[in-house]
Amino acid sequence: MENVLSFLIPFYNLELLLLVALGTIAGIFIGAIPGLSVTMAVALLLSLTYTWEVLPALALMVGVYIGGVFGGSRAAILMNMPGSPASIATSFDGYPMSQRGEAGIALSLTTIYSVVGGIIGVIVLALAAPLVSQMALLFAQRDYFLIAILGLLLVGSLSKGMLSKGIFIAGLGVIIGVVGMDPMTGAPRFTFGSLQLMTGVNFVVAVLGLFGLSEVLYQMRELHKKGNVVNVRGLFIPPIAMFLKFLPLSIRTGVLGVLIGALPGAGGEIAALISYDHAKRSTKNPTHPFGEGAHEGVIAPESGNNAAIGGAMIPMLTLGIPGDAVTAIFIGALFIHGLQPGPLLMTNTPDLFWVIVGSSLLANIFLLIFGLLVVSIFVKVVTIPKQVLLPIVALITIVGAFAINNSMTNVYWVIGFGIVGYFMKVNNFSVGPLVLGIILGPMIDVSFRRAFMEAGNSLSNFFLSYFTSPISLVLLVAFLFTVLSQTKAYETLKGKVLARKS
Amino acid sequence: MMVVSAVILYMSITMKRFDVTDPAGGSFLPAVISLIMLAAAVTTLIKTWRTAKLEKDASEVTNTKVNEPSLKLNVTVFYYLLIIIGFVIILPYLSFIYAALIFLVGSMLFLKNISIVKNLIISICTVFVFYVIFQQFFNIVLP
């Protein structure tokens, strides 16, 4: 009980309280700036807090992590440029809302339901950490393969218009994702003999080019075209009825987010995309059609990706396995401070676990305060003339690419991806499936090959292995259902059932 | 799309140190994916033909322009891309402050609608703020 009360320390220790507050506000702005990733910010903080005590360092990093994941949605809504990969899904409906003059509503709704998702994540982290981590431990390689494929099947929801174009682009993304040294044999794949390609294509570079520079170039086409004047509202607090209307969806996607976040490798971006897909499939009468500014389309991914933070912390703290790139840096931070992340961490230093839980809860409270108060500051961004905004975004993108590892090579890659993304947009190809493929490609590749080898190098054994464990069977059923739900036959059947019901 | 799929398939088959028929190898999955991409490309081609035919029939009635795949760069986009490439080239030689200042002033001059005084104020302030944040606060080594 004494240890559990440690979670109150960040609430009454002024130093920790201020550091969490500073981290959260800094994270929101860093996350909002395209090109500045939360991973980079946490990595930089790790070097800055090297000599600090462990608790202040972790409190600041937790604040930046939670604020940064949330901040990404600001740029996604206002400029259609997700500040972080976790905000890609938010841009699908957030930007149309902004164009419709509902930027203030979109920013406020995402703030409130991000906090709902975040608190769900913290509660699960605090109460069910051992259970969820044990479940994740039971996953076999075949299950990871199926999870990655399930994620890739989201192209049906992501591809605007033709599904075949989405499948092609997602496939291309997987190929780009496996470029470089084969992680299992060390042999080069799709490197064209280039040594620089041996380390693969940097995911952050691809996102910067596809979402940052290509958007700058794309918006240049309509530079002198007068857009709709955005109806700017500073502080929008939804009425209770509206809050309650969307609460069940945010709770469902929050739970989804925390479960996905707990899976190693499946971070906030996948949680947000799956949450968006869930909202699309489960909402019969959205406020507007999905992709055209549905309120549900911004609420679901934001509650999902914030809940995923709590989920990602579960295997990190209880098993020593990172849930995403940021938690991998957290593990590094714990090692630096002489701690051993894993099952022993909760036994040897339970107070540390509870301080992290308390800091996460506090960061969510600050998120609500700052997120609602600085709405007007973010909304002002859309009133800046494109002639000013676009060169600044281009500058940040290029400097951001350089800052990844102080290399001009990444800058050239960003320009390349920017040009590719521009032509994709011009020819009605969605860039979302490409990014999804790049994220999931390595996971699909490695998990499939390992699962195949585990099945004795036999394809029949590999397929039969899905019937040997309840987890695999449930995932297989989910996979088959997702495939079927994207066919015309399912749509026809669904239409008939709905018609009969009405 | 078909050419890209075919190139990936060819590269997967001819990949050194891997046997494309071995699912545990590094070229099996890329080959499978390239085949799926090829199938998607063929489907897209068929659908585009059908849509183009329908649009053509409709345009003959309404006399409207048919949408065709484009690889053309808009003039503004093309020149702005050159400005970005120019910035990237001068960046290692001039250092961040001067290169960024020239890039921002040049960009806003090219894109017009911003007075020269405003242009200079915004550019200098932006470069100063970025320099402080990146270099001094985040300790990023700028070029």
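Begin with chain B of this predicted model and consider its contacts between residues with a separation of 6 or more: 40% of them join residues 24 or more positions apart.

With chain B still selected, colour it by secondary structure.

Next, display the surface of chain B. Of the 143 residues in chain B, 34% count as buried.

Now turn to chain A and select residues 386-405, which form helix H18, together with residues 408-426, which form helix H19. The axes of these two helices of chain A lie 7 Å apart, and the helices pack at an angle of about 140°. An angle over 145 degrees would count as roughly antiparallel, and one of 65 to 115 as roughly perpendicular; H18(A) and H19(A) are therefore oblique to each other. Their crossing is right-handed.

To view the contact itself, show side chains on both helices. On H18(A), select A:Thr397, A:Ile398, A:Ala401, A:Phe402, A:Ile404 and A:Asn405. On H19(A), the partners to select are A:Met408, A:Asn410, A:Val411 and A:Val414.

Which classes does the contact of H18(A) with H19(A) contain: nonpolar, polar or charged? Seven of its residues are nonpolar and three are polar, while no charged residue takes part.

Technical notes: Residues numbered from 1 in each chain as written. Chains lettered and ligands numbered in written order. Predicted model: local features only at pLDDT ≥ 70, side-chain atom pairs only at ≥ 80, totals over all residues. Heavy atoms only, no water. Axes fitted to C-alpha atoms, helices over the stretch in contact; angles between N-to-C directions. Helix = DSSP H or I, 4+ residues; strand = E, 2+ residues; numbered from the N terminus. Parallel < 35°, antiparallel > 145°, perpendicular 65-115°, else oblique. Left-handed = near helix turned anticlockwise from the far one by under 90°. Contact = heavy atoms within 4.5 Å. Nonpolar A, V, L, I, M, F, W, Y, C, P; charged D, E, K, R; others polar. Buried < 20%, exposed > 50% of the residue type's maximum accessible area, 1.4 Å probe, protein only.
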